[in-house]
Amino acid sequence: MLRHNLFVIFAFLFFCNVSFASKLVIVYTPSMQGPIKTINSLFEKQNGNIEITAIPIIAGAAFEQIKNGYPADIFISADTMYPKKLIEEGFALENSYFVYAKGVLALYSNLEKLNKQSCLENVSKFQGYIGIINPELGPYGKAAMQALENSHLLYETQKRFAQGKDALQVLQFAQTKSVSMAFLPLSLVINEKSGNYCIVDKKLYLPINQAMVILKSSKNKNDAFKYLEFMKSNKVKEILKTYGFEA
């Protein structure tokens with residue numbers, strides 16, 4: 001009997017001291033592939049009882065999956081359109097909408113030596129396929145189309161497009177030299193050890209403002225709002241700047 005009572009006491013004390021971790025599921029734009037790891041690691045260190053699962057999905061596809069019940073807490077997009085649509089259609093909290101950064105479009109090549117001064121001249125100078133993100137799903141693909149059209153280069157180059165489903169796939173095209181060059185988020189190529197890049201004139205495309213929202217279906221809204229406040233911090237802004245974002 002004494003042994004049984006001692007076991008019950010020890011079991012009670014053990015479970016009282018166990019810290020049950022809360023879990024956040026974050027769906028994020030592939031353009032945040034680099035900084036998201038650092039940001040999440042810092043957040044978890046500051047909030048020891050919160051674990052993060054981060055899943056890269058291009059903005060347009062993420063939007064559709066969230067509407068179909070994808071079990072996520074936070075959506076970090078590469079644009080403002082899809083977060084706003086989620087709010088309008090009742091899938092996200094209006095008071096959680098936050099523009100966390102402005103993206104920059106780059107042209108990257110692991111094959112050619114690019115002219116950094118006149119970036120888009122490279123698409124005419126060099127032959128071969130041009131990697132581009134599906135403009136129907138990804139803001140950076142749309143920005144690339146705008147830049148080419150405003151430079152009067154769209155007609156002559158579009159037959160050379162190798163379209164990828166998202167930025168990570170297009171980056172792979174370029175890294176493996178399957179394409180001569182590729183339009184990509186600066187954040188994905190700024191720290192690349194191989195290849196080179198040039199920055200596309202920002203006047204040639206509409207600003208790539210990137211926003212995030214907390215989903216109404218989240219079961220961890222308190223922790224999600226903690227993450228939102230962390231994303232607003234100066235520390236996160238500095239991290240984003242090291243990846244080429246304007247924060």
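**View 1. Helix H2 passes helix H11 in a right-handed crossing.** In this predicted model, local features need pLDDT of at least 70 and side-chain atom pairs count only at pLDDT 80 or more, whereas totals for chains, interfaces and linings use all residues. Residues are numbered from 1 along each chain as its sequence is written, and side-chain values use heavy atoms, with hydrogens and water left out. A crossing is right-handed if the near helix is turned clockwise from the far one by less than a right angle; helices are DSSP runs of H or I with at least four residues, strands are runs of E with at least two, and both are numbered from the N terminus. The axes of H2 and H11 (residues 234-242), being lines fitted to C-alpha atoms over the stretch in contact, with angles running from 0 to 180 degrees between N-to-C directions, come within 9 Å and cross at roughly 160 degrees. The two helices H2 and H11 are therefore roughly antiparallel to each other, a term for angles over 145 degrees.

**View 2. Residues in the contact of H2 with H11.** Pro-35, Thr-38, Ile-39 and Leu-42 of H2 meet Lys-235, Val-236, Ile-239 and Leu-240 of H11, contact meaning heavy atoms within 4.5 Å.

**View 3. The open sheet of 5 strands.** The strand order is E2-E1-E3-E10-E4 with mixed pairing, where two strands pair if DSSP finds at least two bridges between them. Strands E2 (50-56) and E4 (98-103) are the edges, each pairing on one side only.

**View 4. Strand E3 (residues 74-76) beside strand E10 (residues 208-214).** These strands pair in the antiparallel sense over 3 bridges, and Met-212 in E10 is the bridge partner of Ile-76.

Conventions
Parallel < 35°, antiparallel > 145°, perpendicular 65-115°, else oblique.
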